[in-house]
Amino acid sequence: MNQHNADMEKDRAAMLRRMGLMLLLAVVGTAAQANEALATKSACMGCHQADKKVVGPSWKDVAAKYADGSKTAEQLASSIRQGSSGKWGAMPMPAQPALSDADALILSKWILGQR
Ligand code: HEC
């Protein structure tokens, strides 16, 4: 192997390592994006934001409130589907009957993880 080929080998190895890392980041990023997309599709983002109170509490505030385990993901999922009132302020959250149980649970786990 001459010097030129050896350099190309090194470049290729470095490139493969970078591609591996990018793939890993893409997979991790996709899971978060899928949840974000589900929240957007389910029209949650019109009233909620990740770290700012809008009409409803921010995801971070919800996660912080139940960080002590006082509400499980299952309980939060049912409060998302059935709507909620009196926990965060005067404004009630309407029930979300179009949201499936499965999607509600995905969203509630995602929200509880936002700290
Ligand atoms: C019309 C505005 C509106 C929409 C749309 C909306 N929310 Fe809410 N949400 C609120 C308000 C207001 C509250 C506070 C209710 C209260 O004080 O109990 C709230 C509360 C919550 C809570 C906290 C419930 C609890 O038990 O403490 C979660 C979690 C939540 N919303 C998730 C969602 C998700 C997920 C969606 C989309 C499927 C969604 N919200 C759509 C307005 C909204």
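Student: Which residues come nearest to the ligand, of the 27 around it?

Tutor: Cys 44, Cys 47, Gly 56, Trp 88 and Met 93. A residue is near a molecule if its C-beta atom, placed from the backbone, lies within 6 Å of it. This is a predicted model: local features need pLDDT of at least 70, side-chain atom pairs count only at pLDDT 80 or more, and totals for chains, interfaces and linings use all residues. Residues are numbered from 1 along each chain as its sequence is written.

Student: How do the residues of the shell around the ligand divide?

Tutor: Into 16 nonpolar, 10 polar and one charged. Ala, Val, Leu, Ile, Met, Phe, Trp, Tyr, Cys and Pro count as nonpolar, Asp, Glu, Lys and Arg as charged, and the others, Gly among them, as polar.

Student: Which helix gives the largest share of the shell?

Tutor: α3, with three residues. Helices are DSSP runs of H or I, at least four residues, numbered from the N terminus.

Student: Why is α1 called oblique to α4?

Tutor: The axes of α1 (residues 3-41) and α4 (residues 101-112) come within 10 Å and cross at roughly 120°. Angles under 35 degrees count as roughly parallel, over 145 as roughly antiparallel, 65 to 115 as roughly perpendicular and the rest as oblique. Therefore α1 is oblique to α4.

Student: What meets α4 from α1?

Tutor: Asn 35, Leu 38 and Ala 39 in α1 meet Asp 103, Ile 106, Leu 107 and Trp 110 in α4. Contact needs C-beta atoms, placed from the backbone, within 7 Å. The residues of this contact divide into five nonpolar, one polar and one charged.

Key:
Axes fitted to C-alpha atoms, helices over the stretch in contact; angles between N-to-C directions. Helix = DSSP H or I, 4+ residues; strand = E, 2+ residues; numbered from the N terminus. Contact = placed C-beta atoms within 7 Å.
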